[in-house]
Amino acid sequence: MLTTADFSDPNRLIVSGALHYFRVLPQQWSHRLRMLRAMGANAVETYVPWNLHERRRGVFDFTGLADLEGFLRAAADEGLAAIVRPGPYICAEWENGGLPVWLPGRAPRTVDPGYLAAMDAWFDVLVPKIAAHQVTRGGNVFAVQVENEYGSYGSDLGYLRHVADGLKARGIDVPLFTSDGPEDAMLTGGTVPGVPATVNFGSRPAEAFAKLKERRPDDRAWCMEFWNGWFDHWTEPHHTRDPKDAAGVLAEMLDAGASVNIYMAHGGTNFGTWAGANHDGTYQPTVTSYDYDAPIDERGAATEKYRLFREVIGRHLPLDAEPPAPAPVLPAGAVELAESLPLRAALTGEPRVSPVPLTFEELGIDHGVVVYRHDLRGPRETQTLTVDGLHDRALVHLDGVELAVLERDGNTSLDLTSPSESATLELIVESMGRVNYGPFVGEHKGVTGVRHRLQQLHGWETRVLELDDISGLPWGSDIPGEAGPGFHRGHFDAAEPADGFLALPGWVKGYVWVNGFLLGRYWNAGPQKTLYTPWPLVKRGRNEVVVLEMHPTDVADKRVRFESGPDLG
């Protein structure tokens with residue numbers, strides 16, 4: 001096992017692989033870690049997403065996907081040392097960069113008192129759990145990161161010092177470090193005196209390490225994120241990287257004696273609604289898959305990149321394990337979704353009444369579908385209806401008839417006329433991932449206002465559909481069909497638990513659950529065409545598939561398919 005001295009020792013080669021416990025089902029951790037070890041790595045790296053563990057303020061969860069300590073024990077069992085990156089901000093293409101939506105204060109990631117109070121309370125719970133697994137206490141954690149790529153965001157060095165001091169005060173005695181891009185501004189704004197710095201990049205390692213040497217002459221060459229692949233956004237092309245090119249850069253670093261963390265070694269999946277987003281002039285939500293074109297693919301199988309990386313690493317470190325076989329795959333075939341249920345039938349509880357539309361945060365939720373309803377008095381001549389602060393997508397209905405689909409950073413208005421004295425105006429608003437990088441981190445979801453030309457429309461009833469638990473859906477109720485989004489359910493039989501690749505040909509946009517577990521979002525805008533279904537979700541015998549389709553009238557064939565392999569575009 002690596003020691004505290006190894007992190008900064010230029011004569012000790014460390015090859016780590018990024019593998020996030022929260023993107024892999026716990027039953028699969030050992031397999032993925034064994035794959036990493038068999039590739040030649042001697043360490044594993046993981047972030048810690050604050051919002052997964054403290055989704056509601058003061059309510060902490062360290063079970064299931066959130067069992068950080070279980071993951072660290074599994075890594076130790078496979079002979080892997082561990083690098084932990086607890087943030088509190090992590091980026092990681094994860095919802096809101098890992099920051100909870102309820103955060104107080106005006107300035108996150110600074111010495112703002114409200115933010116620091118929340119962060120300190122979180123560290124009081126989290127950091128002792130990490131400290132208990134340090135190599136200095138017989139565990140496998142040998143290094144811990146201070147914040148994350150802070151130089152790309154801010155310049156509050158007092159905040160960085162507060163984070164570093166807070167880690168030490170709560171028991172971290174293994175080396176601390178920072179990681180930033182190899183640029184002057186980033187290394188100036190993101191480093192802490194006395195704390196080693198590392199750099200993140202995907203190519204030209206000699207240039208990156210030269211810049212690190214220039215700014216931090218006493219720090220060894222460490223690439224904390226070697227971007228050997230990349231992630232995908234909806235509506236954009238799927239990213240891949242030539243395996244030989246990536247292996248050549250890895251070889252250049254190892255031959256020069258640099259230590260490397262491969263980001264990602266195994267990407268996994270953005271289950272549920274945890275996928276983040278970017279905003280580079282326009283909103284770019286991240287897809288459900290986090291395959292990342294990594295050497296270990298989304299289902300845990302070896303790729304050509306894996307073979308080449310193993311060959312490169314094997315020239316420097318012992319290859320003392322063989323890659324384990326992946327899980328079996330469900331046979332290809334169709335699943336008919338014969339039962340249907342209108343979304344409105346799933347809305348329970350009394351509506352919230354307010355003068356203006358409430359945001360998701362004001363409603364006490366982070367994601368889901370919110371139905372905003374307004375009694376539109378008329379008659380009204382044709383005027384422009386504008387939805388302000390739309391995050392991220394709205395179906396506009398008038399008396400049950402769909403008029404338009406509005407999208408953030410796209411069309412957020414329509415011409416609206418109403419000859420009636422009273423009509424029901426309805427906005428069915430769906431959220432996508434929160435931005436995880438840059439100045440838009442911490443954004444709201446939902447709607448902030450609705451105008452008919454100049455007139456603000458006041459008086460709204462709001463009802464919420466949360467997506468985490470659909471066990472209470474009233475299937476079999478005598479509910480007539482109606483326009484708008486709806487649930488669809490079917491069943492399939494499995495001879496044994498096995499991986500699946502669920503495709504929705506002809507469907508438009510929505511969410512998929514298998515046996516009550518939310519796999520994530522689908523969208524025919526692509527690039528992703530299949531959703532990975534991990535074998536622990538599949539039972540021997542009868543299994544349930546539920547789809548929430550936002551545009552069911554556009555779907556002619558209410559069947560889904562299991563394919564023999566993935567299609568990520």
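## The second largest cavity

The residues lining the second largest cavity divide into four nonpolar, two polar and three charged, where Ala, Val, Leu, Ile, Met, Phe, Trp, Tyr, Cys and Pro count as nonpolar, Asp, Glu, Lys and Arg as charged, and the others, Gly among them, as polar. This is a predicted model, in which local features need pLDDT of at least 70 and side-chain atom pairs count only at pLDDT 80 or more, while totals for chains, interfaces and linings use all residues. Residues are numbered from 1 along each chain as its sequence is written, and side-chain values use heavy atoms, with hydrogens and water left out.

The second largest cavity holds about 60 Å³ of space, and its lining consists of Asn51, Arg55, Glu95, Leu99, Pro100, Val101, Trp274, Asp366 and His367. On a 1 Å grid over the protein atoms alone, a cavity is a set of points where a 1.4 Å probe fits but cannot get out, whereas a pocket is an open set with protein on both sides within 12 Å along at least five of seven lines, and lining residues have an atom within 4 Å of a point. Grid points are joined across faces, edges and corners, and a volume is the space filled by probe spheres set on the points.

## The largest cavity

The structure holds five cavities of 30 Å³ or more, and the largest cavity has a volume of about 80 Å³. Among the residues that line the largest cavity are Trp230, Asp232, His238, Tyr290 and Leu568, and by class its lining has seven nonpolar, three polar and two charged residues.

The largest pocket, with about 440 Å³ of space, is lined by 18 residues, of which Leu52, Arg55, Leu65, Trp274 and Asp468 lie nearest its centre. Its lining has nine nonpolar, five polar and four charged residues.

The second largest pocket has a volume of about 330 Å³ and is lined by 21 residues, with Glu149, Glu225, Trp227, Trp230 and Tyr437 nearest its centre. Here the lining has twelve nonpolar, five polar and four charged residues.

## A buried glutamate

Glu93 lies in the loop between strand E3 (81-85) and helix H4 (113-131), these elements being DSSP runs numbered from the N terminus (helices H or I, at least four residues; strands E, at least two). Glu93 is buried, that is, under 20% relative accessible area with a 1.4 Å probe and protein chains only. Glu93 has no salt bridge, a term for a side-chain nitrogen of Lys or Arg within 4 Å of a carboxyl oxygen of Asp or Glu, and the nearest side chain of opposite charge, Arg23, is 5.5 Å away.

The side chains of Glu93 and Tyr290 are joined by a polar contact of 2.3 Å, meaning a pair of N or O atoms within 3.5 Å, of which, within protein, one must be able to donate a hydrogen and the other to accept it, and residues adjacent in sequence count only if both atoms are side-chain atoms.

Definitions and conventions
Buried < 20%, exposed > 50% of the residue type's maximum accessible area, 1.4 Å probe, protein only. Lys, Arg positive; Asp, Glu negative; His and termini not counted.
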